[in-house]
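Please look through the model below with the following notes beside you.

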Amino acid sequence: MEFTYSPELLAYMKQKNNSTILVELVEVNNSDLEIMELAVRLPDKRTRDIFVNKKQYRVVPTGEGEVLLPKFPLTYSDTIHFGLKKILFFHKITCKGISTPKPI
């Protein structure tokens with residue numbers, strides 16, 4: 001697995017003084033509807049420690065920092081690209097190359 005970062009994301013990470021990217025699987029499951037989606041964000045130090053120590057997320061070192069991946073079965077491409085999208089005053093980290101499993 002190879003991780004790449006957009007220049008905008010690298011600048012944003014440097015500005016926030018954070019080199020950890022958290023890829024979290026968010027699941028909504030009720031009797032009529034099941035939704036699985038990825039949430040990608042920069043966690044603070046306390047949140048990072050919780051995900052690594054209590055939730056058993058894998059720490060994958062990269063050239064620019066580290067990526068925390070869940071132990072759930074996700075589909076990974078050979079190259080995973082992280083980018084940054086700005087919507088008005090908000091920043092959103094995008095991810096290409098990781099997908100959620102299809103519901104049964």
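1. On one side of helix α2, the residues K45, R46 and N53 are exposed, where exposed means over 50% relative accessible area, buried means under 20%, and partly exposed lies in between, with a 1.4 Å probe and protein chains only. Helices such as this one (H or I, at least four residues) and strands (E, at least two) are DSSP runs, numbered from the N terminus. The structure is a predicted model, in which local features need pLDDT of at least 70 and side-chain atom pairs count only at pLDDT 80 or more, while totals for chains, interfaces and linings use all residues. Residues are numbered from 1 along each chain as its sequence is written, and side-chain values use heavy atoms, with hydrogens and water left out.

2. Which residues of α2 are buried? In this helix, which covers residues 45-53, they are T47, F51 and V52. Seen down the axis of α2, its buried residues fall within an arc of 130 degrees, so they line one face of the helix; the arc is that of the directions from the helix axis to the C-beta atoms.

3. The pairings can now be taken one by one. Strands β2 and β3 pair in the antiparallel sense over 8 bridges, and L22 stands opposite R41 in β3. Strands β2 and β5 pair in the parallel sense over 3 bridges, with L68 in β5 as the bridge partner of L22. Strands β4 and β5 pair in the antiparallel sense over 5 bridges; here T62 stands opposite G65 in β5, and a hairpin joins β4 to β5 through 2 residues.

4. How many residues of β5 are buried? The strand is mostly covered, since 4 of its 5 residues are buried. E66 lies in this strand and, at 15% relative accessibility, counts as buried. The side chain of E66 makes a polar contact with the side chain of R48 (2.5 Å). A polar contact is a pair of N or O atoms within 3.5 Å; within protein, one must be able to donate a hydrogen and the other to accept it, and residues adjacent in sequence count only if both atoms are side-chain atoms. Not counting residues up to four places away in sequence, E66 touches several others, including Y5, I21, V59 and P61.

5. The largest nonpolar core has 16 residues, and those with the most contacts inside it are F3, Y5, I21, V23, V67 and F82. Such a core is a set of buried Ala, Val, Leu, Ile, Met, Phe, Trp, Tyr and Cys residues joined through side-chain atoms within 4.5 Å. Its largest share, 3 residues, comes from β2. A second, separate core of 5 residues includes L22, F51, V52 and L68.

6. Two further residues complete the note. V26 is found in strand β2 and is partly exposed, with a relative accessible area of 38%; leaving aside its neighbours within four places in sequence, V26 is in contact with I35, M36, E37 and A39. N18 has its place in the loop between α1 and β2 and, at 16% relative accessibility, counts as buried. With neighbours within four places in sequence again left aside, N18 is in contact with M13, L42, P43 and D44.

Note on methods. Contact means heavy atoms within 4.5 Å. Two strands pair if DSSP finds at least two bridges between them.
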